[in-house]
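Subject: Structure for you to look at

Hello,

Here is the structure I promised to send over. Please open it alongside this note; my findings follow below.

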Amino acid sequence: YGFMKKQRILVCGASGFIGKNIFERLSKRTDLDVYGTYFKNRALASSPPNPKIWRVDFTDRNSALKLTAGFDCIIHASALTQGLGVVNSRPTFYIADNLIMNTNIAEAVLVNKIPHLIFMSCSVVYADSPLPQREGEVDLDLIHPQYFMGARIKLLMEDLCQFYSQHCHLRFTMIRHSNIYGPYDKFDLEKGHVFAATIKKVVSTKDGDEIIIWGRGHEKRDFLYVSDLVDFIETIVETAAMKEFAPQFTILNVGSETGISVSELVKRIVKISGKNIRIKYDPTKPSLGNCIVLDCGKARKMTGWQAKVDLNQGIRQTIDWHIENENYVT
């Protein structure tokens, strides 16, 4: 690519946790011309304001078509997401907007002939299993009812992209990532996912006090530090122009391939924090009790990628980042 024009890349959702990490990393590269989008909060996307970050409402079809024109690659990390607490109390709030955004962005890629779409799918599409799951092992009938619509929305976008790929010469890469954590996550007790919410609890709790964990802590999850996910995205972007790299449509798992229970995770976070904190479980609160771990053999074979940051290191880095950036609120 040294003698060719810079790849123009658009990161949809550059004010969100994953999108912001992707935007910041790719923006440092001199061989890429990177733009980002936000919807509600420009300050989350960039402070001070960055002229390469644009406000857009992807639920508006015309806006999606207009804004995406002329790019070589679109990384779709734009979504309404919340923790289990919010989803449990308002289970329908995210459905329509996510469906419409996904449909509009996929159509915009098709109409504007964008060479490559990278879609951030999710391990939410997998059912409870004691074994690491491969890309072909999706069974909606077995998915926990709490996850069903979230999984269906992701799978519908994957199906739409697969259909489009059969009728054009564009590339669609679907990334089913595991539970991501690290800088810019939602460190919020109501909105945050389990990792960030636990970090928040531990950091804000005094020695000798206790924290309350929802459920019994039996759920097992595959936790991946966000820089490892961004490494993978970077690899996909770098090799996008190589015809032999991948078929027009591909689905790739990206995770640590290691399951850890919420109970064990909380104990590790408390230990690494250095605090003397008691852990109490509240089985009356929402929890799922299931196990989701990814098999990433396909991604490794295709790109040579593998996770670098082990869980203890990632916990330490995340605690340090949150303490240094405690005023950062998503």
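Start with the sheet. Its 7 strands are paired in parallel and form an open sheet, in the order β3-β2-β1-β4-β5-β6-β10. β3 (53-55) and β10 (249-254) are the edge strands, each pairing on one side only. On average, neighbouring strands of this sheet are turned by 20 degrees against each other, direction ignored.

Before you go further: this is a predicted model. The mean pLDDT of the chain is 89. Of its residues, 91% reach 70 or more. Confidence is highest in strand β4 (residues 73-76), at a mean of 98. Helix α4 (residues 84-89) has the lowest, at a mean of 55. Where pLDDT is low, the predicted coordinates should not be read in detail.

Back to the strands. β1 (residues 7-12) and β2 (residues 32-38) run parallel and are joined by 5 bridges.

Helix α1 (residues 17-27) lies across β1, β2, β3, β4, β5 (116-122) and β6 (171-177). Relative to β2, α1 runs at about 155 degrees.

α1 with α8. The axes of α1 and helix α8 (residues 226-238) come within 10 Å and cross at roughly 55 degrees. That angle makes α1 oblique to α8. The crossing is right-handed. From α1, the contact uses Phe-17, Ile-18, Asn-21, Ile-22, Arg-25 and Leu-26. They meet Val-226, Ser-227, Leu-229, Val-230, Asp-231, Ile-233 and Glu-234 in α8. By class, the residues of this contact are 8 nonpolar, 2 polar and 3 charged.

α7 with α9. Helix α7 (residues 194-203) and helix α9 (residues 262-273) have axes that come within 10 Å and cross at roughly 40 degrees. This crossing is right-handed. α7 contributes Val-194, Phe-195, Thr-198, Ile-199 and Val-202. α9 contributes Val-262, Leu-265, Val-266, Ile-269, Val-270 and Ser-273. The contact has 9 nonpolar and 2 polar residues, with no charged residues.

α9 with α11. The axes of α9 and helix α11 (residues 311-324) come within 10 Å and cross at roughly 60 degrees. The two helices are therefore oblique to each other. α9 passes α11 in a right-handed crossing. On the α9 side, the contact is made by Leu-265, Arg-268, Ile-269, Ile-272 and Ser-273. On the α11 side are Leu-311, Asn-312, Ile-315, Arg-316 and Ile-319. These residues divide into 6 nonpolar, 2 polar and 2 charged.

One last residue. Where does Ala-77 lie? It is in the loop between β4 and α4. Leaving out residues up to four places away in sequence, Ala-77 touches Cys-12, Gly-13, Gly-19 and Met-120. Lys-275 is 198 residues from Ala-77 along the chain, and their C-alpha atoms are separated by 35 Å.

Finally, keep the mean of 55 for α4 in mind.

Best wishes

Notes:
Residues numbered from 1 in each chain as written. Predicted model: local features only at pLDDT ≥ 70, side-chain atom pairs only at ≥ 80, totals over all residues. Heavy atoms only, no water. pLDDT = per-residue confidence, 0-100. Helix = DSSP H or I, 4+ residues; strand = E, 2+ residues; numbered from the N terminus. Pairing = 2+ DSSP bridges. Axes fitted to C-alpha atoms, helices over the stretch in contact; angles between N-to-C directions. Contact = heavy atoms within 4.5 Å. Parallel < 35°, antiparallel > 145°, perpendicular 65-115°, else oblique. Left-handed = near helix turned anticlockwise from the far one by under 90°. Nonpolar A, V, L, I, M, F, W, Y, C, P; charged D, E, K, R; others polar.
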